[in-house]
Amino acid sequence: VTSGDTYYTGNVVIPSVVEYEGTSYSVVGIGSSAFSGCEDLSSVQIPSSVKYVGARAFYACGNLLEIHFSENVESLGENVLACCSNLERISVDDGNQYYKVVNEALLTADMTQLLVVPAANNNLRSVYVVPDGVKTICDYAFVYNKYVSHIEIPDGVLVIGDYAFGAIKSNEIYVSIPESIKQIGANVFLANFSSTIRVDISATTPPEVKAFDSCAPIVFYVPKGTKDAYDIIPWNNPHTIIEKVETFEEFEVAGFRYKYMRDNTCEVIGFVGEISEMISIPSSVEYKSMSFTVTSIAANVFESNNALENIIIPASISYVSGEAFSGCEGLTTLTMIGTNPPSAGENIDEICQSLSTVFVPAGTKEIYAATMWNVFDIVEMPEDGTVFDFDGLRYEVTGLLTCKVANALAKIV
C-alpha cells in the first residue's frame, strides 16, 4: 500500500492479496506516508500478510481511533503513529516477536524503545510511569495526549526524542528526567504554549539538548549546586533554573517554618507568624515554585503561644507530635478538617492540659472516638446549610466556622 493523489477516508480494509493485469500480489507492506494526513480515516484493517509498515504511514491521521498489528509485523518505521490525536487503542498479537503493548503504550518487544502512547486512551491516568528497561522515548511519543500530564522517567532511559511531549492537553505538565539521560531532542514541549511546564532533573551535568523552543517558559529544577552549570542556552532564557529543595531542608512560608521530608511532602516545625487566638495550618505550601503537601506537625511548633485558643488542622495531616502543642496554656480546641483521624504521639493530653475539645466533620465522631483522640471531648461540626438561632437572629452554616444571617422563616432541621 502506498500513498497517492487522493486521501483515504472512512473504514479501510487492506486485502492480503490483490490482482493487477491478471497477476496476484501478496500485500506484505504499507509504504512510507501511505495514509499520512488522512484526517477522515477512522479505521484500517491490516491483514496478517503485512510484515512492515513504513515511516509516518499513519502520521497525523486525526480521527484514527484504533489500530491492530498482527504477529507477522516485523518492522514499524519512524513516527508511524505520530500526531494521531484521537487514537484510543493500539493492539499487537501476543505472538509478535518484535513489538508489544505495555500499559496501553506501543513498545519494541525488548522493551528498549517507547514508540507511542495513544493520545486518547481513557484508561491512562494523569501520572504515567515509563516502563523499566526503556532506553529511548521516541519522537512524538506523547504528542496530543489528552490524559497524561505527569511523566515519570526511570533511571536507565538515555534518549528523549524530538517533540516527545508536544501539545499535551493539560494546563500543568511535569516531567522527571533521571541522571541517566544523555540526549534530549528538539522542542520536546512543542506547542505547549498555555501550560505550566515543570521539569525535575537529576543529572548534575546538563544532558545534550537541541532546543527548548516553541513552548511556554519552562521551570527546570536542578540538583543543588548545579544552577551555574545549567544557566546557559538553551536551558535558561526564557526558561527558569531553580535548585531543588534537599531532603530535610528547612524553609519559611507565610509565618510557618517547614522541613522538607520526601516526595514533595513537608512537616510543620515552627510558627513565627502573628500571634492570634485561632491559627489555620495550610494543607500545602509553595516554595521555589514547587508545591509541598503538609503532612505532619512536629514538637513545640506553637511553644509558649498562650494567646492561641484554636488550631485548624487540614485533612492532609497524617501525624501530630505528642508535644506539638507544648506550652500552649490557652489552647482549648482543635478543629479537624479530615474525615480520617491523624495519628498522634503519646501523652498529647497530658502535655497540653488545657486542650479539651476536638471538633470533627459531621458523621465522623465514631471514627475519631475509636482512636487516641478519644481522650478529648469529640464534637461533630454541623453540615453546611444547617440553620440555627442565636441571640434573636437566624443563621445558616456556610463553611468551616463561618455562617450567614438567614431568612427568619428558614426552617431549622
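This report describes selected residues, a surface patch and the aromatic pairs of a predicted model.

## Basis

The model is predicted, so local features need pLDDT of at least 70 and side-chain atom pairs count only at pLDDT 80 or more, while totals for chains, interfaces and linings use all residues. Residues are numbered from 1 along each chain as its sequence is written, and side-chain values use heavy atoms, with hydrogens and water left out.

## Aromatic pairs

The model holds 22 aromatic pairs (rings of Phe, Tyr and Trp, the last by its six-membered ring, with centres within 6.5 Å; planes under 30 degrees apart are stacked, over 60 edge-to-face and the rest tilted). F165 and F189 form a tilted pair, with 5.6 Å from centre to centre and 35° between the planes. F165 lies in the loop between β16 (159–160) and β17 (172–177), and F189 in the loop between β18 (183–186) and β19 (196–201), so the pair ties together parts that are 24 residues apart in sequence. Strands are DSSP runs of E with at least two residues, numbered from the N terminus.

F165 is buried at 1% relative accessibility, and F189 is buried at 2% (buried means under 20% relative accessible area, exposed over 50% and partly exposed in between, with a 1.4 Å probe and protein chains only). Ring pairs also link F251, F256, Y258, Y260, F271, Y287, F292, F302 and F325 into a cluster.

## T357

T357 is in strand β33 (residues 357–360). With a relative accessibility of 15%, T357 counts as buried. Its side chain makes a polar contact of 3.4 Å with the side chain of S356 (a pair of N or O atoms within 3.5 Å; within protein, one must be able to donate a hydrogen and the other to accept it, and residues adjacent in sequence count only if both atoms are side-chain atoms).

Leaving aside residues up to four places away in sequence, T357 touches T332, T333, L334, D377 and V379. Contact here means heavy atoms within 4.5 Å.

## A307

A307 sits in the loop between β28 (290–297) and β29 (310–313). A307 is partly exposed, at 37% relative accessible area. Its contacts, not counting residues up to four places away in sequence, are I275, S276 and E277. I233 is 74 residues from A307 along the chain, and their C-alpha atoms are separated by 53 Å.

## M278

M278 belongs to strand β26 (residues 278–280). M278 has a relative accessible area of 44% and is partly exposed.

How values were computed. Helix = DSSP H or I, 4+ residues; strand = E, 2+ residues; numbered from the N terminus.
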